[in-house]
Amino acid sequence: MGVSLYKEPELEKPVLIAGWPGIGNVGLIAVDTLRGGLRAEEFGEIEPWDFFYPKRIVIRNGELKDLEFPSNKFYFKKTEKRDLIFFIGEEQPTEEGRAYAEGRKAYQMANLVLDVALKLGCQRAYTSGAAVAPIHHTMKPKVWAVPNTEALIDELRGYENTILMSDIEGRKGQGNITGLNGLLLGVAKKRGLEAVCIMGEIPVYLQGLPLPYPKASKSVLEVLTASLGVRIEMEGIIELVERSEREVENLYQRFPLEIREQLDKLKYVTYARPAEPGPITEEDKKRILEDIDKFFKKGPKED
Amino acid sequence: MSQESPFRIYAKPEFQSSSLIVGWAEDAGKLGPKVVDYLNKKLEAQDFGEIEPVDFFSLGGVLVENDVAHFPESKFHHCQAYNLVIFKSSLPRAEWYKFLNLIFDVIEQHCHVKELYTVGGMVSFGAHTAPRELFALANSPEMKEVLSQYDLARDMDYQTPPGQRPTLSSFLLWVAKRRNIAGASLWVPIPFYLVAMEDPQAWKKTLEFLDRRFDLRIDSTDLDEEIGRQNEKMAQLRIRSPEIDSYIRRLESNLSLTEEESERLVKAIEESLGKGD
């Protein structure tokens, strides 16, 4: 079980940005867009066979030529403001059919990623995922930020379009981040590395669908680029968002009218501080959220 | 607490050089388990070890099938007279790479295995009346050369389509390659309506190759009788049901069936042949 580094770049206090698939692939799309936009260079990988079942066999003329596994690759980029390390996992190492990584394998993988980051002098890590929220798909997704140390709270409050867990009504600052996007935060804390998980909001009614939600990735990307002090061309993700919005709207129009009427009320719900005065009362809001909850039998959650 | 060994060895076979045959307990047409059970019986092979299930299978209880509780098994058998090691196992649910390497740890250490053959069935959309073909996939040019001496379909090009995953036999073959062990996967296409049943014709096709390869000289009259009994049942079903007969005729003419027709055919075959166990 190991890491294979093709080269060891000399980096100055780099920041790690890690992404794995999750709900709507929100985090993965954001991190991969940033990596691609900065033209980061691949420099290593985690050997996949201990973590994953192979994804593809290649046979030529009756002979086994290759067995491909989900990729887990490291990239680096030196930018004007700071040096960056990217880690992108094509799958989360799951056990016994679970949706997200947990247990020994997940812990091993989180440690391997941090082994490389710390070896290269990493000072901070970011992970990214989705926050399932009672929002409407026509709204701009906010970004939820969860640090692994109190020392980062003031900094995160300064990020645009970003809220903390304590800003969300009824949460009292509490929550749960499933899978490696969350676990890495904990393992980083254990190893003395500050880390933040940045989650883009996805509407509650889209969370179970096998659709990417790049609109939330774009919100994440805006926060990440601002906090890292880097710029990338956004045309690619804007096109992706426009295409996704058309798909989501088409899907939405196929929902039964009764459900759509309920979901449309989400346009008027503000569940996170600072709340601006809206066209509905607190009582209306409570009733709307209860009605929608009845449809989906689930509260907000994160990955 | 001391770390327990992931495998148990209860006899020490003496081999200078041997070949390994692997079959998985869950397989299309029951090919894997039937072929290795048949070899074990005919060659009077002896158990000599097993892989402990704890790291590789869900042990939250037992699976009950056909009124009987089942428990995952991963056992090694040896047949000294033919320099053969036979491994039959349930399909592991986790830690596949570790599991597959354990197989080689045991057989390299205790049996000096130099060559691997996996046996298995794959789904075909042809009719059961067509002769069975044996496909072979080699993990090295040298093994391909060995296979060229036999009547096998061995020139296939293939890439796993999106949404599907390679088989565990392919994974094993890849691990063998990494460990410098020559290997081949042998596959017989099984008519889709026999996948959940038994396909003795497919077993025989595989056994014929192994018989020639290892000069086993197995008397397979009993297998021929089983094939005859199944063919007879299928023929009777076709006489009783013109609808089923028409479906099979279409498959014989390389025409396809609709999903609904395929389901009706599978159901009728299941009712006619029974589940096979």
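Reader: What does chain B average in pLDDT?
Author: Chain B averages a pLDDT of 92, where pLDDT is the predictor's confidence in each residue, from 0 to 100. Of its residues, 98% score at least 70. This is a predicted model, in which local features need pLDDT of at least 70, side-chain atom pairs count only at pLDDT 80 or more, and totals for chains, interfaces and linings use all residues. Residues are numbered from 1 along each chain as its sequence is written, while chains are lettered from A and ligands numbered from 1 in the order in which they are written.

Reader: And what does the model score in ipTM and pTM?
Author: The ipTM is 0.86 and the pTM is 0.85.

Reader: Now chain A. How many helices and strands?
Author: Chain A has 8 helices and 12 strands. Helices (H or I, at least four residues) and strands (E, at least two) are DSSP runs, numbered from the N terminus.

Reader: How much of chain A is buried?
Author: Buried residues make up 44% of its 303 residues. A residue is buried if 20 or more other C-beta atoms lie within 10 Å of its own, exposed if 12 or fewer, and partly exposed in between, with C-beta atoms placed from the backbone.

Reader: Why is strand β6 of chain A largely enclosed?
Author: Strand β6(A), residues 72–78, is largely enclosed by the rest of the structure because 5 of its 7 residues are buried.

Reader: Which strand forms a hairpin with β6(A)?
Author: That is β7(A), with 4 residues between the two strands. Two strands pair if DSSP finds at least two bridges between them. Tyr75(A) stands opposite Phe86(A) in β7(A).

Reader: What about β3(A)? How many bridges join it to β6(A)?
Author: There are 4 bridges, and the two strands run antiparallel. β3(A) spans residues 41–46. Glu41(A) has Phe76(A) in β6(A) as its bridge partner.

Reader: Switching to the contact between chains A and B. How many residues does each chain give?
Author: Chain A gives 17 residues and chain B gives 25. Two residues are in contact if their C-beta atoms, placed from the backbone, lie within 7 Å.

Reader: Which elements of chain A give two or more residues there?
Author: They are β4 (56–60) and β5 (63–68) of chain A. β4(A) supplies the largest share of chain A's side, 5 residues.

Reader: Which strand of chain B pairs with β4(A)?
Author: Strand β10(B), residues 158–159, pairs with β4(A) in the antiparallel sense over 2 bridges. Val58(A) has Gln159(B) as its bridge partner.
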